[in-house]
Amino acid sequence: MSGGIDRTPSPRADVCIVGAGPAGALVAAALSSAGYDVVVLDAGPRFDPEDRNDRMERYLRPGIDAPVWDTDPERDAYTSSGDRYYPLNAARVKGIGGSTLHWQGMVMRLHEQDFALASATGMADDWPLDYDDLRPYYAAAEEELSVSGASDNPFAPPREQPHPLPAFPPSYSDSLFAEACEAVGLTTHSVPNARNSEPADGASACVGYGTCKPVCPSGAKYDATRHVDAAEANGARVVDRAPVQRLEHDADGDRVTAAVYATPDDTEHRQAAREFVVAAGGVETPRLLLLSESEAYPNGLANSSGLVGRYFMDHLFAGMGGTLDEPTRQKHVGFNTTESHQFYNRPDDSRTAIKLEFLNYAGPAPADIALTADSFGDELLAEIRDGYGRHIAMGALVEQLPRKENRIRLDPSRTDDHENPVPDVVWSLDDTTRRTIERANEIQRAVLAELGVDIGWTVGPENTGPAYHHMGTTRMGTDPAESVVDPQLRTHDLANLTLAGSSVFVTGGAMNPTLTIAALSLKAADHVEERL
Amino acid sequence: MELSRRDALAALSAAGVGSIAGCAAPTATGPDGGESAGGGRASETASVVGDHELETLVAVAEVVYPSAVSGVDDFVRTYTGGRVDGAGDYAAGVADAVAVLDDYATELYGGEYATRSREDRADALDYMSVDAVDPDPDGTDAQRVRHYVVNELLYALYTSPTGASLAGLENPPGHPGGTESYRTGPE
């Protein structure tokens, strides 16, 4: 016991899940709903919803150094040794709810071409399943996340029913873009959001705090605590501040027998279970497997292929913005309402996927200017009026192809708060990705020029950064020599070990990954249930 | 443009005192034991943020707020009342920063900050370099004044609908102003 909370192992568990983010929470909710005894272990704390306004202030006010979601420099230590520095802690959250506490909440399905990229273009690899295999799980995931959306996207893959909630209508800023997009032949459409456009799941409709990323005080933005709550209501145990140190297996190396975890009182415990699901994201999932090396698995658990940690991918941001000679009405909300997937599918191997975004939050808000200004009174107001109100911008996510040299590995020279080697993110950009970022910039420049924008900034191949979508590090496949998990998300090596989340992606497309994470997690839960 | 009680409550929401909204009007207490700041720790807060501190905050607000806003006195008192009730550390920080301002004004002009003319009050901030430093609750005198007094007041104003509307934004980040305004064009 620590602080009145029982963190000792459950005497009998059907399923032990590592990670209480969206993947782990969805699996926990599904399996506990089916009547199984479920234990979820998470490295981070359980956050009090009452603190969300305080966390918002941390974000809005300079001078408050406390991280919004309590990133711990020792617990979350990492290194970055690739050509590109990777700021791993910029947007990940350890704790109950995981990084959905921080995310923006954009939820698109991958396109059909994403699952067969090699067949269509010769680039990268095909997934071992296709869109139709995942389609029912996408529909179920949209229900689970109460997605607000409209069926107005001519480029989207086929769907069977409307989104659970109506889409958020386009913004005034979107209306400014409309004519320019038409003039340059760019078709736009709505954005599916995991954000309540109407009250749902015990949460209100969005009330427009405008700080979605990194914190939604109202709870109208979906986060995985909803499914944690559901799992707990079904009888599941969700244990916070219980970082799993390693997984242990039986003598034959065929089955995982226990998750060994630490608790705040410096005690180690062993949670046994019939099935284990690791759902700790694209960095910590491979790290845990690598930390679980044994005689049977000297290179890391479930790593007979040698590919655990390999093929790390992210999406790259490409953007452009400037000012107009008229008000653009930015910063009322913190989410987008218009996108274009027109340049998503790849015509050949000349470029990867591009998802174009029209931002509703370009430029600074009045408080951003005021709190860092060196003037006061009327002079400050003049500065704010000059700095706010006429900004406008486009963004884009660009696909990065999987490459073996981009990887998560252990850095034995540095350890975390439990003396475990930290993750080392080895990350670089390839020429195809650079070309695609340039192409995204070309499209953005054409639209903004048509609109008459005085372009003030560009994020291109040289100053691009990651979107913090960690993918690909325990890839899925049918060949045990070329992949870590099979199409049922079970590791090739251990019969009762499932990996749920973005680490199993074969390619990443250019869609925000969480809806696909959710769909795959629901699929994984079905397969685990079949075995129980 | 008149700052309203609703603006102060909205600013409190952005400042992490969400539970205040909808409750009884939070009013800071005077040294003689007036109405408490929303109940709670009235006697505790009365000892560190009393009438003098509130008077000083209003005096600073009159300098750092634009001349276009009115109702500053009530706005600052309502906002601060909810704020000091919300966090003991904040109240202590405000009281400390006010004392710093008073010491500085006394040395410079021979009187406490709130007693000086508007011009003197503006000059005092300028001489202290409050305009030039980064806010830091644990920093130098000027940094603490910037954090606990100036930025607190600016944050309250420019995350309120009326304050941000001075620049054309009626639903600023931090304010739960709904999902209508983002769709409407400028007036």
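Start by selecting helix 6 of chain A, residues 225-233: A:Arg226, A:His227, A:Val228 and A:Ala231 are buried there. Buried means under 20% relative accessible area, exposed over 50%, and partly exposed in between, with a 1.4 Å probe and protein chains only. Helices (H or I, at least four residues) and strands (E, at least two) are DSSP runs, numbered from the N terminus.

This is a predicted model, in which local features need pLDDT of at least 70 and side-chain atom pairs count only at pLDDT 80 or more, while totals for chains, interfaces and linings use all residues. Residues are numbered from 1 along each chain as its sequence is written, chains are lettered from A and ligands numbered from 1 in the order in which they are written, and side-chain values use heavy atoms, with hydrogens and water left out.

**Around helix 6**

Just after the helix, pick A:Gly235, which takes a positive phi of about 105 degrees.

Next, show the side chains of A:Asp201 and A:Arg226. They form a salt bridge, with the closest N and O atoms 3.1 Å apart; the term covers a side-chain nitrogen of Lys or Arg within 4 Å of a carboxyl oxygen of Asp or Glu. A:Asp201 lies in the loop between strand 6 (189-190) and helix 6 of chain A, and A:Arg226 in helix 6 of chain A, so the pair ties together parts 25 residues apart in sequence. A:Asp201 is partly exposed, at a relative accessible area of 46%, whereas A:Arg226 is buried at 15%.

**Other salt bridges**

Over all chains, 43 salt bridges are found. Select A:Asp70 and A:Arg55, a bridge whose closest N and O atoms are 3.1 Å apart. A:Asp70 is in the loop between helix 2 and strand 3 of chain A and A:Arg55 in helix 2 of chain A, 15 residues apart. A:Asp70 counts as partly exposed at 29% relative accessibility, and A:Arg55 as buried at 5%.

Move to A:Glu357 and A:Lys355, where the closest N and O atoms of the salt bridge are 3.0 Å apart. Buried or exposed, what is A:Lys355? A:Lys355 is buried, with a relative accessible area of 0%; A:Glu357 is buried too, at 5%.

For a network of salt bridges, select A:Arg75, A:Asp76, A:Arg92, A:Lys94, A:Glu284, A:Arg287 and A:Asp416.

**Aromatic pairs**

Rings of Phe, Tyr and Trp (its six-membered ring) pair if their centres lie within 6.5 Å; planes under 30 degrees apart count as stacked, over 60 as edge-to-face and the rest as tilted. The count is 15 aromatic pairs over all chains. Select A:Tyr86 and A:Phe312: their ring centres are 5.4 Å apart and their planes at 80 degrees, so the pair is edge-to-face. A:Tyr86 is in the loop between strand 3 (79-80) and helix 3 (117-121) of chain A and A:Phe312 in the loop between helix 7 (281-291) and strand 12 (316-323) of chain A, so parts 226 residues apart in sequence are tied together. A:Tyr86 is buried at 0% relative accessibility, and A:Phe312 is buried at 0%.

Then select the cluster that ring pairs make of A:Phe115, A:Trp127, A:Tyr131, A:Tyr138 and A:Phe505.

**A buried threonine**

Go to A:Thr474, in the loop between strand 18 (454-459) and strand 19 (497-499) of chain A. A:Thr474 counts as buried at 0% relative accessibility. Leaving aside neighbours within four places in sequence, A:Thr474 is in contact (heavy atoms within 4.5 Å) with residues including A:Thr285, A:Pro286, A:Leu289 and A:Val484.

**The interface with chain B**

Finally, show both chains. The contact takes 43 residues from chain A and 47 residues from chain B. The area buried between them is about 3700 Å², of which carbon and sulfur atoms give 60%; buried area is the accessible area (1.4 Å probe) that two parts lose on being put together, summed over both. In chain A, select A:Arg61, A:Arg329 and A:Phe376, which lose the most area to chain B, together 19% of what that side buries.

How many salt bridges are there between chain A and chain B? The count is two. One of them joins A:Arg329 to B:Glu170, with the closest N and O atoms 2.6 Å apart.
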